[in-house]
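Colleague: Please put the model on screen. I have some questions about how its chains meet.

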Amino acid sequence: MTKQNPPGPEKPKTSSASLFAEDPALERWLTDAFDNAETRDEPWLESTAQAFNAQVLAELDSEPLQNKGVTRLRLPLLACSMVVGAIATTQLTSAPELSSLLASVSGDLAAVAPEIEAVELSTVESWLRGLALQLPTLLMAPLLAVAAWAFSTAAD
Amino acid sequence: MSSAAQEDVETPAAIIDAAKRHDKAAFSELIDLHQRAVRGYLLRLCKGDHANADDIAQNTFLAAWRNIDRFRGDGSVKAWLMQIATNEFRMAWRKRGPVFDAIDPEAAELAVQDPNTDDLDTLLGLLEPPARAALTLNSAHGYSHREIAAILELPLGSVKSLIHRAKLDLRAHLTATEATQP
């Protein structure tokens, strides 16, 4: 006869609503703290508003609009070649290492191609991350080398 | 809580349309309408550092100018600018590292040395940047969890969890502060 475990006391169920239940005292503190900070910032924001606006407009004058078609073509090419280069010179053994490498490639991309917008860069980073985490690390280098070669051929 | 998008400063469609045609006067009006919210948000992310906040705010509006034709109008202009500001902050954080360290060692040391501190920027400095951003968008700007998820480009569950953990951390520090006060 198999021994059966006695039924234990029923565990109280935790709903997501109670998990994220608000603490009224903390909510009050947060509201006051953010209000106070806003009041403290107010004079600075007010007194510098015009200068800030003028500064941005002056920067616009010195910033010609980019040729987005060229940027979009350069973007995957740069990303692939940088990842291949980084993988070739690094021994990657874990997902966190790969993750940090991709973050650094994304930073390098920003330095090399400042015209690439932050939004695009984060898209590329998540694309690379997804690709990298789905494939064994050892397969990455040859695959991306082929991809980089294909892109560079297309770019030529 | 009512939707922040509903309470958003209304950006007249004419201004958006003209800005999309790269009309600088219209874009200047758009800056006037939203600079306060964007700079205020970045000020909290940068832990009260005016110079860093304005540097990133400037890059935010420059990126908005470059990408204005991508604004589809399915959300508010303010939320779209907040999304760009968050991305620009992320970029600056990666490039400048120590300035935007995940947990500011100086703030942490200050908070430990002075357990009575209840300065918001010092306490926000103890939170990791995504938690700092989520809490600020929620508590200071009134965005819902769903709206914050769209702005930070994170799953809804992650946003709820970030805000929950941030509040637990703040409560723990404030409770300790109360205990040390006479």
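Colleague: In which helix of chain B is the place of Ser28(B)?

Modeller: This is a predicted model, where local features need pLDDT of at least 70, side-chain atom pairs count only at pLDDT 80 or more, and totals for chains, interfaces and linings use all residues. Residues are numbered from 1 along each chain as its sequence is written, chains are lettered from A and ligands numbered from 1 in the order in which they are written, and side-chain values use heavy atoms, with hydrogens and water left out. Helices (DSSP runs of H or I, at least four residues) are numbered from the N terminus. Ser28(B) lies within residues 24-45 of chain B, which form helix 3.

Colleague: Is Ser28(B) buried or exposed?

Modeller: The classes are set by relative accessible area with a 1.4 Å probe, protein chains only: buried is under 20%, exposed over 50%, partly exposed in between. Ser28(B) has a relative accessible area of 15%, so Ser28(B) is buried.

Colleague: Leaving aside neighbours within four places in sequence, which residues is Ser28(B) in contact with?

Modeller: Contact means heavy atoms within 4.5 Å. With those sequence neighbours set aside, the partners of Ser28(B) are Asn53(A) and Leu57(A).

Colleague: How much area do chain A and chain B bury between them?

Modeller: Buried area is the accessible area (1.4 Å probe) that two parts lose on being put together, summed over both. Carbon and sulfur atoms carry 61% of it here, and the total is about 4,100 Å².

Colleague: In chain A, which residues lose the most area to chain B?

Modeller: Together they account for 18% of what the chain A side buries. They are Phe34(A), Trp44(A) and Phe52(A).

Colleague: How many salt bridges does the rule find across the interface of chain A and chain B?

Modeller: The rule asks for a side-chain nitrogen of Lys or Arg within 4 Å of a carboxyl oxygen of Asp or Glu. Glu46(A) and Arg36(B) meet in a salt bridge at 3.5 Å, N to O. Across the interface, the number of salt bridges found is six.

Colleague: Which helix of chain A gives the largest share of the side that touches chain B?

Modeller: Helix 2 (24-61), helix 3 (68-88), helix 4 (95-112) and helix 5 (118-134) of chain A each supply at least two residues of that side. The largest share is 23 residues, and it comes from helix 2.

Colleague: How many helices does chain A have?

Modeller: Along the sequence, chain A reads α-α-α-α-α-α. Chain A has zero strands, and its helices number six.
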